Amino acid sequence: MNSIDSDSNNKKKDKDDRNDEGRIDGSKFNNAEEDENKKISMSTDKSVDPRFKRLLWYLIASTRGGVNRAKIINFLSESPSNANQLSNQLKLDYKTIVHHLDVLKINGLIITENEESYGATYFISPIIEKNYSAFKEIMATIGKK
């Protein structure tokens with residue numbers, strides 16, 4: 001009698017295992033959902049590279065033209081533009097804009113596809129998109145001074 005009970009228990013256990021593997025609802029789905037949530041939170045909680053943060057501090061807070069560079073980065077994050085559009089929108093001299101765009105481009109904070117052509121459109125670089133929170137943090141700190 002004992003062997004029959006153990007056989008039926010083993011069959012029941014095998015059947016339960018198959019149901020867990022094949023079913024979407026229950027703990028299997030919840031674990032997948034939790035894993036996805038962890039991935040999302042990890043991608044948003046990644047710390048900023050300290051070297052990048054130092055570069056931002058230098059270019060934005062420690063130099064004379066930092067305020068203008070911050071305005072350019074902020075504007076480009078909302079709307080990719082060319083130098084003339086930036087000059088008009090930010091009410092700055094065209095040559096000043098071109099100088100700051102060159103500084104930002106050399107340091108990898110902005111990019112352009114057609115840099116040699118007149119009217120080249122500038123975008124913020126992927127690294128600044130990824131670390132935009134560090135830029136905002138620096139801007140908030142500067143604003144308090």
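Along the sequence, the elements of the protein run α-α-α-α-α-α-β-β-α-α, amounting to eight helices and two strands. Helices (H or I, at least four residues) and strands (E, at least two) are DSSP runs, numbered from the N terminus. The model is predicted, with local features requiring a pLDDT of at least 70 and side-chain atom pairs counted only at pLDDT 80 or more, while totals for chains, interfaces and linings use all residues. Residues are numbered from 1 along each chain as its sequence is written, and side-chain values rest on heavy atoms, with hydrogens and water left out.

**Confidence**

- The average pLDDT (the predictor's confidence in each residue, from 0 to 100) is 77 for the protein, and 67% of the residues score at least 70.
- Residues 15–33 have a pLDDT below 50, and this stretch has three contacts (heavy atoms within 4.5 Å) beyond near neighbours in sequence.
- Where pLDDT is low, predicted coordinates should not be read in detail.

**Packing and surface**

- Of the 145 residues in the protein, 27% are buried; buried means under 20% relative accessible area, exposed means over 50%, and partly exposed lies in between (1.4 Å probe, protein chains only).
- Among contacts in the protein with a separation of 6 or more, 55% join residues 24 or more positions apart.
- The protein exposes about 10400 Å², of which carbon and sulfur atoms supply 50%; accessible areas come from the Shrake-Rupley method with a 1.4 Å probe, and for residues only the protein chains shown count as cover.

**Salt bridges**

- The whole structure contains three salt bridges, each defined as a side-chain nitrogen of Lys or Arg within 4 Å of a carboxyl oxygen of Asp or Glu.
- Glu-137 pairs with Lys-53, with the closest N and O atoms 2.9 Å apart.
- Glu-137 is partly exposed at 39% relative accessibility, and Lys-53 is partly exposed at 23%.
- Asp-49 and Arg-51 form a salt bridge whose closest N and O atoms lie 3.2 Å apart; Asp-49 is partly exposed at 31%, whereas Arg-51 is exposed at 58%.
- Lys-105 and Asp-102 form a salt bridge at 3.8 Å, N to O. These residues are three apart in helix 6 (residues 94–106), so about one helical turn separates Lys-105 from Asp-102.
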